[in-house]
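Let's take a short walk around this structure together. Have your viewer open and be ready to select residues as we go.

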Amino acid sequence: MKRCIVIGSMPVDVDLKRFITPKDYVFCADGGYLQALKQGIEPDVIVGDFDSSPHPHNIAAKIEELPVIKDDTDTYHIARQIIKDGFSEALFFGVTGGRPDHTFANIQMLKFLAQNRVNAQIIDKNSTYTVITDGQAELPATENCYFSVFALDEKCTGVTETGGFYEISDAEITNDFPIGVSNEFIGKPVTISVKKGSLLIITTGKD
């Protein structure tokens, strides 16, 4: 699998070296390069309009400067590049915990990537976010964690959840009723699938 790492400009509250391997390609979105350098991570490319962070200097990474006035956020621009370059997996850090509008935009970006068959996750200290479209996700058995499932489309059909405290089979869930919030692991792997539609899956620690 061809995997990339994307580091955003919000504070990164995890140890990136736990997740990054030498084979990974590292994108930084705008000021994300400052977050990367704090942890000794050398980016391969820095993408941004640099309207809220200093323009990078004396850095070996390729720099792609974007216009300030544009339709895509810097991170969404990188998502398009991920698809174009044929990455099959992407991990995002430093893209939550700041402005809620940008956090929501990044969740929409996960849906865009899932629809284009990229397995993408947003990871922060407390939570992991992923989206599946017409497909299936496997969550490893985890202690002291909740998992929640939300419809990102008006309705998602053929939703099945097995292995958790609450189980459903071939159900329909909608984006105006959060029936999938706060399910629990019970010591075994969880499988979540949807026949039609996009589901947001959030795993969050109880502490």
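Start with the lining of the second largest pocket, which by class has four nonpolar, ten polar and eight charged residues (Ala, Val, Leu, Ile, Met, Phe, Trp, Tyr, Cys and Pro count as nonpolar, Asp, Glu, Lys and Arg as charged, and the others, Gly among them, as polar). About 460 Å³ of space lies in this second largest pocket. To find it, select Ser-9, Thr-73, Asp-74, Thr-75 and His-102, the closest to its centre of the 22 lining residues. Next, colour helix 2 (74-84) and helix 3 (100-115), the elements that give two or more residues to the lining of the second largest pocket. Helix 3 gives the most, with three residues.

A word on the terms: a pocket is an open set of points on a 1 Å grid over the protein atoms alone, where a 1.4 Å probe fits, with protein on both sides within 12 Å along at least five of seven lines; lining residues have an atom within 4 Å of a point. Grid points are joined across faces, edges and corners, and a volume is the space filled by probe spheres set on the points. Helices (H or I, at least four residues) and strands (E, at least two) are DSSP runs, numbered from the N terminus.

This is a predicted model, in which local features need pLDDT of at least 70 and side-chain atom pairs count only at pLDDT 80 or more, while totals for chains, interfaces and linings use all residues. Residues are numbered from 1 along each chain as its sequence is written, and side-chain values use heavy atoms, with hydrogens and water left out.

Now move to the largest pocket, with a volume of about 640 Å³. Select Gln-121, Thr-128, Thr-130, Leu-139 and Thr-203, which lie nearest its centre among 33 lining residues. Strands 5 (89-93), 6 (119-123), 7 (127-133), 8 (136-139) and 14 (198-205) each give two or more residues to this lining. Which strand gives the most to the lining of the largest pocket? Strand 7 does, with six residues. By class, this lining has 14 nonpolar, 13 polar and six charged residues.
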